[in-house]
Amino acid sequence: MYLKLLRTRVPANLSSLPIKHPVPIKSLCSTTKGTRQSVVSERKGSVFTLAINRPEVRNAVNQETARHLLGELEAFQREPALNVAVLHGIGGNFCAGYDLKELANHTVSHKLEQDITKGPGPMGPSRLQLSKPLIAAVSGFAVAGGLELALLADLRVVEESAIMGVFCRRFGVPLIDGGTVRLPRLIGLSRALDLILTGRPIGAQDALAYGLANRVVPDGQGLQAALHLAEQISSFPQECMRADRLSAIYSCYDAASFTQAMQYEIDHGVPVILSEAVAGATKFTTGTGRGGTFS
């Protein structure tokens, strides 16, 4: 089945595939007249949307785009009025990875910052540890570095025809934007190595079964579904949600022991009791949320 998928869905040159016409999106960034932003953003209440806007190369990321992605997510991180971010691609694809034409033409510096605490990753924000949730709305191809950007997100809403994979395996380009770190944690070492070693494509349903996709939706509905999910998460008491989120991430990546993880959980959870939980318990006693309703 996978060989058939490879033959029918993944030509050797991604540029040979037809490209859907890009959907316009409002940008809050200033632009020079006659130029097009490679990354565009928009605020929707407490939700922040961020889009890669290079549809002619299936949203492959070059140095300029990487800088903009990093800057936008850092701005999201600093803005207290924004609770959840949604990352997506314009024109039918999430991201086809790093722009190999730029790499082949030697227009990108080959001297990458190897201390991850001192500089951004090649794809831009891949070394960030966000304090607020990020959702990836995945359509079309999310491959190579594009897969790594999807892995940066807390949740991935994946359209039915989307394809994910370590396609850079074919060209000797390593995963240096967190792919070998995040993928095994998300789906387990055995499945991660299958994808990393073979570079094979994986469809939406297999991604869901693996735990790589959190939701699978019909084509064309990925962004809408991701926005709905973001609005739901943004409506919850934020201190509590963020404390639980960071505790889960800490226990997965940073805790040296079960005891340390448990200590982190209570140390960061107890302050929320007074700030949010008492008020929430009071609301419950008046009938709000009875029977498990979320409205």
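1. Contact here means heavy atoms within 4.5 Å. Among contacts in the protein chain between residues at least 6 apart in sequence, those joining residues at least 24 apart make up 69%.

2. On the basis of the numbers: this is a predicted model, in which local features need pLDDT of at least 70 and side-chain atom pairs count only at pLDDT 80 or more, while totals for chains, interfaces and linings use all residues. Residues are numbered from 1 along each chain as its sequence is written, and side-chain values use heavy atoms, with hydrogens and water left out.

3. Overall content. The protein chain has 10 helices and 9 strands; these are DSSP runs numbered from the N terminus, with helices being H or I of at least four residues and strands E of at least two. Of the 295 residues in the protein chain, 43% are buried. Buried means under 20% relative accessible area, exposed means over 50%, and partly exposed lies in between (1.4 Å probe, protein chains only). The protein chain exposes about 15,600 Å², and carbon and sulfur atoms supply 58% of that area. Accessible areas come from the Shrake-Rupley method with a 1.4 Å probe; for residues, only the protein chains shown count as cover.

4. Nonpolar cores. A core is a set of buried Ala, Val, Leu, Ile, Met, Phe, Trp, Tyr and Cys residues joined through side-chain atoms within 4.5 Å. Which residues touch the most other members of the largest nonpolar core? They are F94 and M164, in a core of 47 residues. Elements that each supply at least two residues of this core include strand 2 (47–52), helix 2 (63–78), strand 3 (84–89) and strand 4 (134–138), as well as helix 4 (145–152) and helix 5 (179–187). A second, separate core has 13 residues, among them V47, A226, L227 and I233. In soluble globular proteins, nonpolar side chains tend to be buried together.

5. L229. This residue is in helix 8 (residues 222–234) and is buried, at 7% relative accessible area. Residues up to four places away in sequence aside, L229 touches I135, L155, V157 and R215. L155 is 74 residues from L229 along the chain, yet their C-alpha atoms are separated by 9.5 Å.

6. S139. The loop between strand 4 and strand 5 (141–143) holds S139. Is S139 buried or exposed? Its relative accessibility is 10%, so S139 counts as buried. Beyond its neighbours within four places in sequence, S139 is in contact with G92, N93, F94, E159 and A162.

7. Positive phi. N59 has phi near 60°, a positive value; N59 lies in the loop between strand 2 and helix 2 and is buried at 0% relative accessibility. A144 has a positive phi near 55°; A144 sits in the loop between strand 5 and helix 4 and is buried at 8%.

8. Salt bridges. The structure holds 6 of them, each defined as a side-chain nitrogen of Lys or Arg within 4 Å of a carboxyl oxygen of Asp or Glu. R43 pairs with E79, with the closest N and O atoms 3.4 Å apart. This pair links distant parts of the chain, as R43 is in strand 1 (residues 39–44) and E79 is in the loop between helix 2 and strand 3, 36 residues apart. R43 is partly exposed at 43% relative accessibility, and E79 is partly exposed at 23%. K44 forms a salt bridge with E42 at 3.6 Å between the closest N and O atoms; K44 is partly exposed at 34%, whereas E42 is buried at 16%. D115 and K118 meet at 3.8 Å, N to O, with D115 partly exposed at 29% and K118 exposed at 63%.

9. Cysteines. How many disulfides does the structure hold? The count is 0, where a disulfide is a pair of cysteine sulfur atoms within 2.5 Å. C95 is buried at 0% relative accessible area, whereas C252 is partly exposed at 30%.
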